[in-house]
Amino acid sequence: MLQAGGLTCETHTQLGNVAEQINDAVKRLGCDTVVMGTRGLGSFTGLVLGSVASRVIHEVSVPVLLVK
């Protein structure tokens, strides 16, 4: 779908701490934006379990676009 719209994309898979792995990929690949989905667990669940999206936002040095 992206290619049909004239956009390029790549898929990468890593294991480990999500925020750290995304931060490493941003640096290694020279990304200018991170786009990621959220699960929408709600404020209480997010507070208790921690939020991956929140950690990514604070970890990376580029803008993060969250899609719900």
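Of the contacts in this protein between residues at least 6 apart in sequence, 64% join residues at least 24 apart. The model is a predicted one. Its secondary structure amounts to 3 helices and 2 strands, and read from the N terminus the elements follow the order α-β-α-α-β. Of the 68 residues in the protein, 15% are buried.

**Helix α1 against helix α3**

- Helix α1 covers residues 18-29 and helix α3 covers residues 52-59.
- The two helices pack at an angle of about 35°, and their axes lie 9 Å apart.
- The crossing of α1 past α3 is right-handed.
- On the α1 side, the residues that take part are V18, A19, E20, I22 and N23.
- On the α3 side, they are V52, R55, V56 and E59.
- Sorted by class, this contact holds 5 nonpolar, 1 polar and 3 charged residues.

**The largest nonpolar core**

- The largest nonpolar core has 8 residues: A19, V26, V34, M36, A53, V56, V60 and V62.
- At least two residues of this core come from each of α1, β1 (34-37) and α3.
- A19 and V56 belong to this core, and both also take part in the contact of α1 with α3.
- A53, another member of the core, touches M36, T38 and L66 when residues up to four places away in sequence are not counted.

**N23 in helix α1**

- N23 is found in helix α1.
- Is N23 buried or exposed? The relative accessible area of N23 is 8%, which is under 20%, so N23 counts as buried.
- Apart from neighbours within four places in sequence, N23 is in contact with E59, V60 and S61.
- E59 is one of the α3 residues that α1 meets, while V60 is part of the largest nonpolar core.

**V64 in strand β2**

- Strand β2 spans residues 64-67, and V64 lies in it.
- V64 has 23% relative accessibility and therefore counts as partly exposed, a class that lies between 20% and 50%.
- Which residues does V64 touch, not counting those up to four places away in sequence? They are V34, M36, V56 and I57.
- Among these, V34, M36 and V56 are members of the largest nonpolar core.
- V64 and V35 are 29 residues apart along the chain, yet their C-alpha atoms are separated by 5.8 Å.

**L2 and the segment before α1**

- L2 lies in the segment that comes before α1.
- L2 is partly exposed, and its relative accessible area is 42%.
- Leaving out residues up to four places away in sequence, L2 touches L7 and C9.

**Cysteines and disulfides**

- A disulfide is a covalent bond that joins the sulfur atoms of two cysteines.
- C9, which L2 touches, is partly exposed at 44% relative accessibility.
- C31 is also partly exposed, with a relative accessible area of 28%.

Notes: Residues numbered from 1 in each chain as written. Predicted model: local features only at pLDDT ≥ 70, side-chain atom pairs only at ≥ 80, totals over all residues. Heavy atoms only, no water. Buried < 20%, exposed > 50% of the residue type's maximum accessible area, 1.4 Å probe, protein only. Axes fitted to C-alpha atoms, helices over the stretch in contact; angles between N-to-C directions. Helix = DSSP H or I, 4+ residues; strand = E, 2+ residues; numbered from the N terminus. Left-handed = near helix turned anticlockwise from the far one by under 90°. Contact = heavy atoms within 4.5 Å. Nonpolar A, V, L, I, M, F, W, Y, C, P; charged D, E, K, R; others polar. Core = buried A, V, L, I, M, F, W, Y, C linked by side-chain atoms within 4.5 Å.
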